[in-house]
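Let's take a friendly walk through one protein model. Keep the picture beside you as you read.

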Amino acid sequence: MPSQKNQKQVEMLKAKFDNAQSVAIVDYSGTTVNDQVTLRSAITAAGGEMLVAKNTLIDIAAGKGNLSESLEGMNAVVFSNTDAVAAIKQLFAFHKDADKLTIKQGMMDGKVLSSAEVEALSKLPGKNELIAMLLNRLQSPATGLVNVLKAGQRDLVYALKAIAEKGA
């Protein structure tokens, strides 16, 4: 019979898997405590969370067999809660700087992602970047219209200035 502690941890992990927009499984076996603290703070600042749990508990919480091929060794789970990309971007930024992590697999919307797919996900723009791009696109026609409407007055001013300089 499973212990009460393990049952509570599985319930907590299931809730986190359900609430997360994306998840990544990471082998952290080459990192120091300082590296882990730095990584956790970067992920937390990006709206995510990094948890270390037993591999069997992670496997049960994620759905038996979904991530079992990557659950060997010292693993941590990175949950991206507010933005599907933000925490994973921080994870890959740390991986690029320190080269101490191994990103094994991920999950998004119930689909298991390979490490290459998780890396491709990390290269997508984040939610805030997409909103900024959308606002920029929405403002472009209005800005163009204003420039067209001002062009007649501006051209008239340039023509008058050229005539004044020519007459002088």
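## Rings and helices

F79 is buried, because its relative accessible area is 0% and anything under 20% counts as buried. Keep in mind that this is a predicted model.

Which residue forms an aromatic pair with F79? The partner is F17: the two ring centres lie 5.2 Å apart and the planes meet at 85 degrees, so the pair is edge-to-face. A search of the whole structure finds one aromatic pair. This pair links distant parts of the chain, since F17 sits in helix α1 and F79 in strand β3 (residues 75-80), 62 residues apart. F17 also counts as buried, with 11% relative accessibility.

| Residue | Relative accessible area | Class |
|---|---|---|
| F79 | 0% | buried |
| F17 | 11% | buried |
| R154 | 36% | partly exposed |

Helix α1 (residues 4-19) packs against helix α3 (residues 55-62) at an angle of about 50 degrees, and their axes are 8 Å apart. That angle makes α1 oblique to α3, and their crossing is right-handed. On the α1 side, N6, Q9, V10, L13, K14 and F17 take part, meeting L57, I58, I60, A61 and A62 of α3. What kinds of residue make up this contact? Eight are nonpolar, two are polar and one is charged.

Finally, look at R154, which belongs to helix α6 (residues 127-167).

Methods. Residues are numbered from 1 along each chain as its sequence is written. This is a predicted model: local features need pLDDT of at least 70, side-chain atom pairs count only at pLDDT 80 or more; totals for chains, interfaces and linings use all residues. Side-chain values use heavy atoms; hydrogens and water are left out. Axes are lines fitted to C-alpha atoms, for helices over the stretch in contact, and angles run from 0 to 180 degrees between N-to-C directions. Helices (H or I, at least four residues) and strands (E, at least two) are DSSP runs, numbered from the N terminus. Angles under 35 degrees count as roughly parallel, over 145 as roughly antiparallel, 65 to 115 as roughly perpendicular and the rest as oblique. A crossing is left-handed if the near helix is turned anticlockwise from the far one by less than a right angle, and right-handed if clockwise. Contact means heavy atoms within 4.5 Å. Ala, Val, Leu, Ile, Met, Phe, Trp, Tyr, Cys and Pro count as nonpolar, Asp, Glu, Lys and Arg as charged, and the others, Gly among them, as polar. Buried means under 20% relative accessible area, exposed over 50%, partly exposed in between (1.4 Å probe, protein chains only). Rings of Phe, Tyr and Trp (its six-membered ring) pair if their centres lie within 6.5 Å; planes under 30 degrees apart count as stacked, over 60 as edge-to-face and the rest as tilted.
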